[in-house]
Amino acid sequence: MKRTGIAGLLAAAAMLIPIAPATADPVGDLFGSASGSLDAGSSAFGSSGDKVTHYGKLGRPDARNGVKSINVWVYNPKGAREITPGTFPKNSRLGVRWNSIIDAGPIVDGNECRMEVRLAGPKVPKEAALYKTQDCTAVKSYFFKGGGNFTIRVTDLVSGASNSIAFSVQ
């Protein structure tokens, strides 16, 4: 039976859209590939194989949102060229990209969290020092005019899980 009109076009388009394999990186698909350096604690981007690996401070086993750990990466949306690994030039937009993981390994991609994102470093304005969101998996970026060593810590107040990244701006 030949389909015509918008319904036919949508059906044909649906057959052309590739379905991601079970091993695909849902966060990478959502935000693009990781740019910049990785925090040593989250360098595996989660887990592969049968054993799940969790990084950072682990969440409480009885947390109602099920978050066991948080993976973090340096978020570099404009693709600032690293001077050396983990060191970026002044006047760069950088930040943190995170995903929350349950005990079994899958990503929590909803708003069941109470995330606090804390930026620490030299001359951090008060309004940039703390960002709050309910998103369990997201990004937060800042514009860095000045240099120094910076740390961004992501903490879920519901589960108690947290992790951080450190980088430099020169």
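How much space lies in the second largest pocket?

Guide: The model is predicted, so local features are taken only at pLDDT of at least 70 and side-chain atom pairs only at pLDDT 80 or more, while totals for chains, interfaces and linings use all residues. Residues are numbered from 1 along each chain as its sequence is written, and side-chain values use heavy atoms, with hydrogens and water left out.

The second largest pocket holds about 210 Å³ of space. A pocket here is an open set of points on a 1 Å grid over the protein atoms alone, where a 1.4 Å probe fits and protein lies on both sides within 12 Å along at least five of seven lines; lining residues have an atom within 4 Å of a point. Grid points are joined across faces, edges and corners, and the volume is the space filled by probe spheres set on the points.

The lining comprises 13 residues, and those nearest the centre of the pocket are Pro122, Lys123, Pro125, Phe144 and Lys145. By class, 9 of the lining residues are nonpolar, 2 are polar and 2 are charged (nonpolar: Ala, Val, Leu, Ile, Met, Phe, Trp, Tyr, Cys and Pro; charged: Asp, Glu, Lys and Arg; polar: the others, Gly among them). Strand E7, residues 138-144, gives the most to this lining, with 3 residues. Helices (H or I, at least four residues) and strands (E, at least two) are DSSP runs numbered from the N terminus.

Lysine 123 is found in the loop between E5 and helix H3 (126-129), and its phi is near 55°, a positive value in a residue other than glycine. Most residues other than glycine have a negative phi. At 83% relative accessibility, lysine 123 counts as exposed; exposed means over 50% relative accessible area, buried under 20%, and partly exposed in between, with a 1.4 Å probe and protein chains only. Asparagine 91 lies in the loop between strand E2 (87-88) and E3 and is exposed at 52%.

Pro122, another residue nearest the pocket centre, is touched by glycine 147, which also touches Lys90 and Val169, residues up to four places away in sequence not being counted. Contact means heavy atoms within 4.5 Å. Glycine 147 has its place in the loop between E7 and E8 and is partly exposed at 33% relative accessibility. The C-alpha atoms of glycine 147 and glutamine 170 are separated by 4.6 Å, although the two residues are 23 apart along the chain.

In soluble globular proteins, nonpolar side chains tend to be buried together.

In one, the closest N and O atoms of aspartate 103 and lysine 68 are 3.6 Å apart. Aspartate 103 lies in the loop between strand E3 (92-102) and strand E4 (107-108), and lysine 68 in strand E1 (residues 67-75), so the pair ties together parts that are 35 residues apart in sequence. In the other, arginine 118 pairs with glutamate 116 at 3.0 Å between the closest N and O atoms; arginine 118 is partly exposed at 42%, whereas glutamate 116 is buried at 11%.

As for the whole, the protein has 3 helices and 9 strands. Buried residues make up 37% of its 170 residues.

Technical notes:
A salt bridge is a side-chain nitrogen of Lys or Arg within 4 Å of a carboxyl oxygen of Asp or Glu.
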